[in-house]
Amino acid sequence: MRFRSHEAKAETAVSTSRIVKLEQDILAKNNGYAEANRRYLSAYGIFALNLVSSPGSGKTTLLVKTILALNGTQPLAVIEGDQQTENDAARIRAAGAPALQINTGKGCHLDAQMVGQAMQQLGLQDDSLLLIENVGNLVCPASFDLGEAHKVVILSVTEGEDKPLKYPDMFSAADLMLLNKCDLLPHLEFDADLAIEYAHRINPRLQVIRISAISGEGMTEWLEWIREGCCNAAAAKPEASLG
Amino acid sequence: MHEMSLAENMLQLIEDAAYQQGFTRVKTVWLEIGQLACVEQESLRFGFDVVTRGSIAEQARLEIIETAGQGRCGKCAQSFPLAALYESCPACGSYDVKVTGGDGMRVKELEVE
Ligand SMILES: Nc1nc2c(ncn2[C@@H]2O[C@H](COP(=O)(O)OP(=O)(O)OP(=O)(O)O)[C@@H](O)[C@H]2O)c(=O)[nH]1
Ligand SMILES: [Mg+2]
Ligand SMILES: [Zn+2]
């Protein structure tokens with residue numbers, strides 16, 4: 001515990017101190033980088049998704065299956081965020097997609113500046129799909145806009161139904177929820193409808209897809225959602241950026 | 001622990017202001033935190049103490065002002081104080097509630113010399 005002596009300060013307060021008004025959002029710096037990323041992405045018609053979840057909900061597995069299913073029909077790149085190791089980027093590359101690993105060390109989330117640098121290094125194609133796997137953490141990444149089109153929150157059925165109530169910020173920030181590992185439902189007590197109801201309490205506009213990276217259930221719907229996003233991003237690209 | 005990066009962002013805002021407005025020491029920082037902001041106050045205090053060491057804001061007093069959460073119902077358009085994101089509309093019970101305030105974190109003002 002630290003103690004500060006307010007009284008001692010008050011005695012010396014006769015000095016030259018003055019008050020400076022700032023009125024600035026703490027996240028202003030990050031939001032500035034995020035807006036720059038967003039401008040860049042929309043100028044090139046790139047559809048970017050920020051995948052967030054607790055550790056081990058199946059983000060990388062889903063990405064690998066998504067890449068295999070798209071099978072080269074959609075140019076894409078992946079940014080992998082983890083505190084340590086190159087493992088997840090290696091899994092993505094093995095699936096045939098360019099991937100860049102960001103190790104955040106002690107940092108528990110990606111920020112917009114890191115992602116902006118990674119985007120430059122990857123050299124993204126026009127009209128491509130950019131998949132960003134955030135650090136496994138249901139709290140911190142909610143506050144940091146990366147410039148993505150949507151946050152996609154992945155909840156797996158091996159977690160509690162009440163995760164959305166316990167970690168409302170993330171479910172509130174997301175536009176799509178993938179309820180993953182649905183292949184395991186027959187073996188579990190997990191009440192999928194209840195989990196979805198809780199998620200909708202936090203965010204009534206949240207779209208939901210029940211999915212399994214293992215059985216392939218829900219993959220068609222997910223791929224359709226991605227294709228639609230890519231088409232819209234490409235169509236919204238300003239003429240000026242062509243050529 | 002994203003409070004550490006929030007504290008770093010705070011210090012950056014302060015240092016930018018010091019550069020623009022020509023002060024060399026910060027004695028007090030008034031920080032406004034919305035009740036619905038995704039931040040743990042004690043961790044933020046700790047982070048602020050750590051990142052300001054050796055900076056112009058070393059030993060600065062951190063005054064946290066909490067602002068109430070505000071929501072607005074998407075069904076009946078009622079505005080009301082919102083203490084948590086999972087609360088429903090007190091008028092009609094709908095969960096279609098939009099946060100209209102109390103979810104930000106702002107450095108309001110500084111006492112400097
Ligand atoms: N049964 C089942 N297992 C799955 C499914 N998706 C992923 N898994 C398993 O869940 C474990 C974690 O998967 P990952 O893809 O590494 O999870 P992650 O979210 O990327 O994990 P971190 O990056 O460490 O946060 C692995 O053992 C996967 O095989 C699924 O749909 N069904
Ligand atoms: Mg992973
Ligand atoms: Zn209402």
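Let's start at one residue: A:D127 is partly exposed, with a relative accessible area of 29%. Partly exposed here sits between buried, under 20% relative accessible area, and exposed, over 50% (1.4 Å probe, protein chains only). You'll find A:D127 in the loop between α5 (112-122) and β5 (129-133) of chain A. Helices (H or I, at least four residues) and strands (E, at least two) are DSSP runs, numbered from the N terminus. The phi of A:D127 is near 55°, a positive value in a residue other than glycine.

A:K181 also has a positive phi, about 65°, and is not a glycine either. A:K181 belongs to the loop between β7 (176-180) and α8 (192-202) of chain A. With a relative accessible area of 22%, A:K181 counts as partly exposed.

Before going on, a word on what you're looking at. This is a predicted model, where local features need pLDDT of at least 70 and side-chain atom pairs count only at pLDDT 80 or more, while totals for chains, interfaces and linings use all residues. Residues are numbered from 1 along each chain as its sequence is written, chains are lettered from A and ligands numbered from 1 in the order in which they are written, and side-chain values use heavy atoms, with hydrogens and water left out.

Now step back to chain A as a whole. Chain A has nine helices and eight strands, and its C-alpha trace spans about 70 × 55 × 35 Å along the principal axes. Of its 243 residues, 49% count as buried. Take the contacts (heavy atoms within 4.5 Å) in chain A between residues at least 6 apart in sequence: 72% of them join residues at least 24 apart.

Chain B comes next, and it meets chain A through 37 residues of chain B and 33 residues of chain A. Between them the two chains bury about 3,600 Å², 52% of it on carbon and sulfur atoms. Buried area is the accessible area (1.4 Å probe) that two parts lose on being put together, summed over both. On the chain B side, B:L13, B:L85 and B:Y95 lose the most area to chain A, together 16% of what that side buries.

Inside chain B, have a look at helix α2 (residues 41-51), where B:S43, B:L44, B:G47, B:F48, B:D49 and B:V51 are buried. Their cover includes α1 (3-21), β1 (26-34) and β2 of chain B.

Strand β2 (residues 61-67) of chain B contains B:T67, which counts as partly exposed at 23% relative accessibility. Leaving out residues up to four places away in sequence, B:T67 touches B:E32, B:I33, B:G34, B:Q35 and B:G102. The C-alpha atoms of B:T67 and B:F48, 19 residues apart along the chain, are separated by 20 Å.
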